Amino acid sequence: MLCDDCGRHEAVVHITQIGPDGRVEKNLCESCAAGYSEFAGVPQQDKRHVSVDDFLRGIFNSANNVPTEENRGTNAAGELACPRCGMSYQDFSQTGKIGCAACYATFRQQLEPILRRIHGSSVHRGKIPHRSGGTLELKQNISLLQQQLKACVEQEEYEKAAELRDKIRAMKQELAAKEGGRENA
Amino acid sequence: MREAILQDNRLSWLQPEGADNDVVLASRILLSRNLRDIPFPNRADLHELGKVEERLAGAIPALQAVTEEPMLVMEMEKLSPLKREVLREKQLISERLMRSPQHRAVYLTKKQDISLMVNEDDHIRIQCITAGLDLAKPLKKAFAIDDILEEQLDIAFDEKMGYLTSSPTNLGTGLRAAVLLHLPGLVFTRNVSNIINISPQLGLAVRPLFGDEKEQPGCLFQIANQLTLGYSEQELIDNLRGAVTEIVAHERRARKALALYMKERLEDEVWRAFGTLSYARLLPEKEVLELLSRLRLGMDLKLIRGVAPECYGQMLLASRTSFLQNLAANENLSKAEIDRLRAQHMRRIIEEHQVSLEE
């Protein structure tokens, strides 16, 4: 087929334009299609996004194929599905997207190796929400102070170390009180 | 008010301010958050998406403590596709927010430095942008917004995996920090591909803002962190800033070499660009991007002094096709009409920014 615009080259691009005269369909050659480049920009970006998803799909699939102990268990008991949104592991490998917050708990065992492959780690070390983070923030602060304490001892700054030690002790008491309180409740 | 935001060609974060602004245009922080008890947007039904919108709308007024002004909401469904595209050209929303407009919305400040996307890939995406190389300031702002939202909404969080997101590539911190760079020196000396190739080893991704691997009109690049889990936000932005500082040094070296060994050709290119932008009657999008890059380089190297540097950001925005179509209130302009309009805007902005050279 020849290009509708120039009539000289082989048509390789099909476009649909919706304008004041209604729907116009055209078959264009590469150089004529370049004249419509403002439109061509969008699908190009699309392609990039898709490739990320493709990549994830691949990872999900390959992880699924490794017959680990857990995988066999779930497969034998039928497909494991998220109780809240109904997403199955198969869905992940098709969309590359997780369905809801509960999925992460449901598929934790399958997801962890994938996370390690994407990020090189599967443990969060960043910001913690004050309200829903529970005692985690306190725990993280304690381990931070413990690191500082170690550094102080190594540099023989004992006064500062003593200060830190008292702080850690107070925080640990606070933690114990909070956790104890929760158990009683 | 909403129309004024769409038509405004001054973006606060495109002003020539901030650290290293000869190379770094802007720094951006994006935080992804989700509500705990509602499926992520790709899995939620319309009713659930509506619930997210509703709950967020209730939490927004409290943000005034950070934004210092009430935020404006723009619902995607109520905007024409052209107006959505203008918001995207201004980097205020992403393409994915436009794709399925039902129950998708964006909250904006008048200065357009903070935007909050609702029901994009995640329920909430907080975006803060500032001019120049400064990741700490927008991160602080985004954290403050996150804290206020978290006080009112139950956010999906796991002790071990951090903030839960619809894509496992954002899991943990949910942080995407990005820096917008202008790299004409490295493009001209053909060193950009090295930087693009090295960056994955540093956990970073570089992509051109316009164009593809082969050609990058405008010489604008965005560099962002790829890893989100296992590092704190501070570590992630420190890593990014370290890489950017290195790139900035290389870019300056390349510019210095150009100014030293090819002075006449460089001056010629820069002044030709200035001349074309000042007088041309028809300007296609790609050509304008190339000319603007040279003009900016000329201003940064102090070769061109007759025009105030603020013009670059305005011209960059006024070079965008949807922005022009929206200004003209006509979606059916032909390519030639748009090129004419574009040239007209370039001439006007340069005229407005002329400064007298008497010193």
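Hi everyone, let's begin with helix α4 of chain B, residues 81-89, where the buried residues are Leu82(B), Arg84(B), Glu85(B), Val86(B), Leu87(B) and Glu89(B). Please keep in mind that this is a predicted model.

So what covers those buried residues of α4(B)? The cover includes helices α1 (2-7), α5 (95-99), α12 (311-318) and α13 (321-327) of chain B, together with strands β2 (72-75) and β3 (105-108). If you follow the chain just past α4(B), you reach Gln91(B), which has a positive phi of about 65°.

Now to the nonpolar cores. The largest has 55 residues, and Leu116(B) and Leu149(B) are the ones that touch the most other members. Helix α9 of chain B, residues 233-261, is the top contributor to this core, giving eight residues. Have a look at Leu149(B) on the screen: once neighbours within four places in sequence are set aside, its contacts are Leu56(B), Ala59(B), Leu63(B), Leu116(B), Ile124(B) and Ile126(B). There is also another core, lying apart from that one, with 51 residues, including Met98(B), Leu180(B), Leu220(B) and Val307(B).

Let me finish with chain A. How many helices and strands does chain A have? There are eight helices and two strands, and the order along the sequence is β-β-α-α-α-α-α-α-α-α. Chain A has 185 residues, 33% of them counted as buried. Among its contacts with a separation of 6 or more, 37% come from residues 24 or more positions apart. As for the accessible surface of chain A, the total is about 11500 Å², with 52% belonging to carbon and sulfur atoms.

Thanks, everyone!

How values were computed: Residues are numbered from 1 along each chain as its sequence is written. Chains are lettered from A and ligands numbered from 1 in the order in which they are written. This is a predicted model: local features need pLDDT of at least 70, side-chain atom pairs count only at pLDDT 80 or more; totals for chains, interfaces and linings use all residues. Side-chain values use heavy atoms; hydrogens and water are left out. Helices (H or I, at least four residues) and strands (E, at least two) are DSSP runs, numbered from the N terminus. Buried means under 20% relative accessible area, exposed over 50%, partly exposed in between (1.4 Å probe, protein chains only). Contact means heavy atoms within 4.5 Å. Accessible areas come from the Shrake-Rupley method with a 1.4 Å probe; for residues, only the protein chains shown count as cover. A nonpolar core is a set of buried Ala, Val, Leu, Ile, Met, Phe, Trp, Tyr and Cys residues joined through side-chain atoms within 4.5 Å.
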